[in-house]
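Hello,

Here is the structure you will be taking over. My notes on it follow below.

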Amino acid sequence: MNDILPGEVETWQFLEQSAREVFGYYGFSEIRTPIPEKTELFCRSIGETTDIVEKEMYTFSDKSENSLTLRPEGTAPVMRSFIQNRLHHLDPVSKLYYMGPMFRYERPQKGRYRQFHQLGAEVVGVEDAKIDAQVLAMLHQYFVHIGISSVSLQVNSLGCPQCRPGYRQALIDYLESRLDNLCGECQRRYQTNPLRVLDCKVPGCQSATADAPSVLEHLCSSCHNHFEQVKGYLQALNIPFVVNARMVRGLDYYVRTTFELVTDQLGSQNAVAAGGRYDGLVESLGGPSLPGIGFAIGLERLVLMKGEQQIAPATPQLFIAAMGKDAADRAFVLMSQLQAAGMRAEMDYLGKSLKAQMRRANKLNADFTLILGEEELQSGKAQLKNMSDSSQSTVTLSNLATTLWEKLGQLSGSS
Ligand code: ATP
Ligand code: MG
């Protein structure tokens, strides 16, 4: 679990603000749900035989012996809230997004942490393939907006409760014939969760499943048509993608369209975003029978990818250097007035010498420094120093704010 410190937090703020902006264009509203939920919510939705539920959840009993779990993902809590608050009565189509911490007890490594952050979006109420394409278009547009282009979109269809059992059985039969070549974990899970074997990172499992049956060849006609439509809309929108029939998702609730955004920049943690359709989920959690689709982006992985392009923290527009107690008191009032008017203003609080104050103004990268002493208080005029070219001008203190805004305007106009 990491602290996010000044200097790094600016990148986070940029990624979060960009999401609010872009998701807003597509008509999504934010939803905020509690961090702990009843444990059974995750067992029922994510699935008992998934990595998350089997070994990654932060589960504890509260003082009344309720079993609670720190949310490992965002879809189940959002659907729980959707049902509980009857959001489908407000609008037949709900477009929701969320951002915040998630918790999984994993082996920490680069791009994989125990508290991490996701930015996710969900649409409930639409079966039409247009919404699959719309959600992918929004995800694509978000990456364009934040300036990350080194990702590729992989799509697949996992079928539905009509066609998946047939595929599942075909896969189990295939795996059975190659059991000796699978790793211990896959030998254990090939019957309970055969799709997961396709996803196993162990090289032996990858070669053993190289020509496993393809899910796409087992789709029923309505899943096949749906997938064809999704691909058609993506082409119409000029969104590049590749079909990856081996891509399975680690959560049980996915049906039909599933997708991942992958990068080659992060080693084995190559997925920066993932999602898919979950048409039966809302109903299985006790809600109305409504289809849904969504994705989650891993923010830590985006921050790692932004890497060098870190966003600089905002610097002061004015530093007031003061000599003596009276000047410091006046500086304090001036600074506070400017801050209240929306200017980033700073001063010294530690009784430092003028020289040390100027050094600090430099270090903070202030645009201007105002120098205040006894004489300046008497005359009502002071020297304003432009820190980038060291030019000085005389300003009237009673007119300080107006003069500064003008000069700052010229500064941003000329840069
Ligand atoms: P992975 O295959 O990397 O374990 P996942 O399939 O478990 O990912 P999802 O549950 O689909 O991941 O979550 C969506 C995104 O959240 C991932 O693509 C990834 O960017 C991010 N993510 C998931 N787990 C972690 C983690 N422990 N630390 C940081 N980011 C994570
Ligand atoms: Mg995982």
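A polar side-chain atom of Arg104 lies 2.8 Å from an oxygen atom of ligand 1; a polar contact here is a pair of N or O atoms within 3.5 Å, and within protein one must be able to donate a hydrogen and the other to accept it, with residues adjacent in sequence counting only if both atoms are side-chain atoms. For Arg249, a polar side-chain atom is 2.2 Å from an oxygen atom of the ligand. Ala271 takes part through its backbone, where a polar atom is 3.0 Å from an oxygen atom of ligand 1. The protein covers 91% of the 590 Å² of accessible area that ligand 1 has on its own (Shrake-Rupley method, 1.4 Å probe; for residues, only the protein chains shown count as cover).

This is a predicted model, in which local features need pLDDT of at least 70 and side-chain atom pairs count only at pLDDT 80 or more, while totals for chains, interfaces and linings use all residues. Residues are numbered from 1 along each chain as its sequence is written, chains are lettered from A and ligands numbered from 1 in the order in which they are written, and side-chain values use heavy atoms, with hydrogens and water left out.

Around ligand 1 there are 15 residues, of which Arg104, Glu106, Arg112, Tyr113 and Arg249 come nearest (near: a heavy atom within 4 Å). By class, 7 are nonpolar, 3 polar and 5 charged; Ala, Val, Leu, Ile, Met, Phe, Trp, Tyr, Cys and Pro count as nonpolar, Asp, Glu, Lys and Arg as charged, and the others, Gly among them, as polar. S10 gives the largest share of this shell, 4 residues.

S10 belongs to an open sheet of 8 strands with mixed pairing, in the order S1-S5-S6-S11-S10-S9-S7-S8. Helices (H or I, at least four residues) and strands (E, at least two) are DSSP runs numbered from the N terminus, and two strands pair if DSSP finds at least two bridges between them. S1 (29-30) and S8 (242-243) are at the edges with a single partner strand each, so one side of each has no neighbour in the sheet. S6 (residues 115-124) and S11 (residues 292-298) pair in the antiparallel sense over 7 bridges, and Glu122 stands opposite Gly294 in S11.

There is also an open sheet of 3 strands, ordered S2-S4-S3, with antiparallel pairing. Its edges are S2 (36-38) and S3 (58-61), each with a single partner strand, so one side of each is left without a neighbour in the sheet. S3 and S4 (residues 67-70) are joined by 4 bridges, and Ser61 has Ser67 in S4 as its bridge partner.

Regards
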